[in-house]
Structures are given as C-alpha cells and as structure tokens.
Amino acid sequence: GEYFDNAAREAVHVYGSNDAGRSWNVVHTFPAGAIRHVHGITYDSYRDCLWMCTGDYGAESRILRATTDWSVVEPVLNTGQQTRTVRPIPTAEGLYFATDTELEQNYIYRLSPAGVLERLHPTNGPSLWSCRIGTALFFSTDVEPSPLHRRPYACLYGSAEGGEWNELLAWPKDGWHMFLFQFGNIVLPSGRNATSILAATGSAVREEDGVMRAWSVSAG
C-alpha cells in the first residue's frame, strides 16, 4: 500500500504480486480525497483475509477487510482517531490493534469475530509496531509531538493471552530533534515468529538507540 505525505489527497494505490515479487500490479485504488495513505496490510490466517489500515484524519482512518484476491474490499471500522492504526494482530479470538494518534488518548482494542469492539488498555502514545509470540501479544508506542501525550517515553505493552495488559518497559526519548533525528520508538519485528524470543530495538531513545534486546517469552 502506498504511504506518502499526500497533502493534496491524490489517489492511493495498493500493489500485489502473484509470482513471488517478480511482477506487480495495482489490485486496489482509493480515489482522490478518500484517504491520505495506507498504514499497513496484514494477513489473517484464521479468517483467510487481509486487514488494511488507512489514515490519517476524520473518515480517512479506517480498518478494511479484503479477500485475498482483492475482489472484495469492505470497510469494517471507521470511527476517526480510534480506528487509526498500523499493525493489528489477528488471533482466533479476534483482531487486536493499538491506535496511532497524536490527537486523542490511545488504546489497545480487540475486535471480536462477531464484530464487537472492546477497549482493553490505554497506552502512553501512538503505536507503530506489534508482534506475537505464542499466545503473548505486544505493542510498542513512540514519542512524537502531541498536544495530549506529554510523557516522553517509548513504551512496550504486553499481554500473556490478550486479556490483561501491562506496561513492560519505558525508554526515554533522547535529546535530539524529533523531526530531524526521528521520533523515539521501540521497533518490533513484523511477520510470523515461530520462536520464543521477543526482540526489540530502540530508536532515538537514550542509551538504547540502535540497541537490540532479546528476551525469552513463556507463552502457550
């Protein structure tokens, strides 16, 4: 999915490949004025579908579901900043996602297979990264300019099975300018993880910038 500044709100395309990346074609197009850009596309093996997240403001912030052949693309959630997200985590119990907004309080949510949206836990800031290890789920937050989020720490949140959530660590933003030297962040690996290892890399945070840390996670 195309991600660019798109101040003029031009059309935004999604590209797909059927030959392991040797050739690419447009599989879906958002018309001009519909969205700003695509935040991410995640495959859901439990429901054999794709979840597509878009942003950034008003009706642009959507969670859509697409068939794997892109013949059907349908909106599922569109409630403004509370459905502005980047990397959801599909599970058998539903779709977990953490919001990515500098304008409102951020939360971790679960969308059940029946379509019920449950707010689970507040977070310290916008979330750009997530990962899953067994039944354990993790979201990290960044530090960026915000009229609401004043605590300058990139944080990691985790849950053993998706119900109870806790803040696991907090790394302070370094002293360098956010726009020139990046937001403070905790980068998590995307994709499937068949190991019991949680890896996290600090970005623009004090003492942890460019450092990858790894922990063994006990999860079913």
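Strands and helices are DSSP runs, numbered from the N terminus, a strand having at least two residues. The exercises below use this numbering, and the model they treat is predicted.

**Exercise 1. Which segment holds R9, and what is its phi?**

Solution. 
Step 1. R9 is located in the segment before β1.
Step 2. Its phi is near 55°, a positive value in a residue other than glycine.
Step 3. For comparison, most residues other than glycine have a negative phi.
Step 4. W70 also has a positive phi, near 65°, and is not glycine. W70 belongs to the loop between β5 and β6 (73–77).
Step 5. The cut-off for a buried residue is under 20% relative accessible area. W70 has 14% relative accessibility and therefore counts as buried.

**Exercise 2. Describe the peptide bond from G55 to D56, and place D56 in the chain**.

Solution. 
Step 1. The bond from G55 to D56 is cis, with omega near 20°.
Step 2. Most peptide bonds are trans.
Step 3. D56 sits in the loop between β4 (49–55) and β5 (62–66).

**Exercise 3. Determine the overall dimensions and composition of the chain**.

Solution. 
Step 1. The secondary structure consists of one helix and 17 strands.
Step 2. The radius of gyration is 17 Å, close to the 17 Å that the globule rule gives for 220 residues, so the chain is as compact as a globular protein of that length.
Step 3. Along the principal axes, the C-alpha atoms fill a box of roughly 45 × 40 × 40 Å.
Step 4. Of the 220 residues, 46% are buried.
Step 5. The chain exposes about 10800 Å², and carbon and sulfur atoms supply 52% of that area.
Step 6. Among contacts between residues at least 6 apart in sequence, 42% join residues at least 24 apart.

**Exercise 4. Which residues of the largest nonpolar core touch the most other members?**

Solution. 
Step 1. The core has 15 residues, and those touching the most other members are F138, L156, I186, L188, L198 and V217.
Step 2. Two or more residues come from each of β11 (127–133), β12 (136–141), β13 (153–159), β14 (166–172) and β16 (197–203).
Step 3. A second, separate core has eleven residues, including V14, I35, L50 and A66.
Step 4. Returning to V217, and leaving aside neighbours within four places in sequence, the residues in contact with V217 are I133, A136, F138, S196 and L198.

**Exercise 5. Is P75 buried or exposed, and which residues are in contact with it?**

Solution. 
Step 1. P75 is part of strand β6.
Step 2. The cut-off for an exposed residue is over 50%. P75 has a relative accessible area of 60%, so P75 is exposed.
Step 3. Apart from neighbours within four places in sequence, P75 is in contact with I63 and L64.
Step 4. P75 and E207 are 132 residues apart along the chain, and their C-alpha atoms are separated by 42 Å.

Conventions:
Residues are numbered from 1 along each chain as its sequence is written. This is a predicted model: local features need pLDDT of at least 70, side-chain atom pairs count only at pLDDT 80 or more; totals for chains, interfaces and linings use all residues. Side-chain values use heavy atoms; hydrogens and water are left out. Helices (H or I, at least four residues) and strands (E, at least two) are DSSP runs, numbered from the N terminus. The radius of gyration is taken over C-alpha atoms; the globule rule is 2.2 Å times the number of residues to the power 0.38. Buried means under 20% relative accessible area, exposed over 50%, partly exposed in between (1.4 Å probe, protein chains only). Contact means heavy atoms within 4.5 Å. Accessible areas come from the Shrake-Rupley method with a 1.4 Å probe; for residues, only the protein chains shown count as cover. A nonpolar core is a set of buried Ala, Val, Leu, Ile, Met, Phe, Trp, Tyr and Cys residues joined through side-chain atoms within 4.5 Å.
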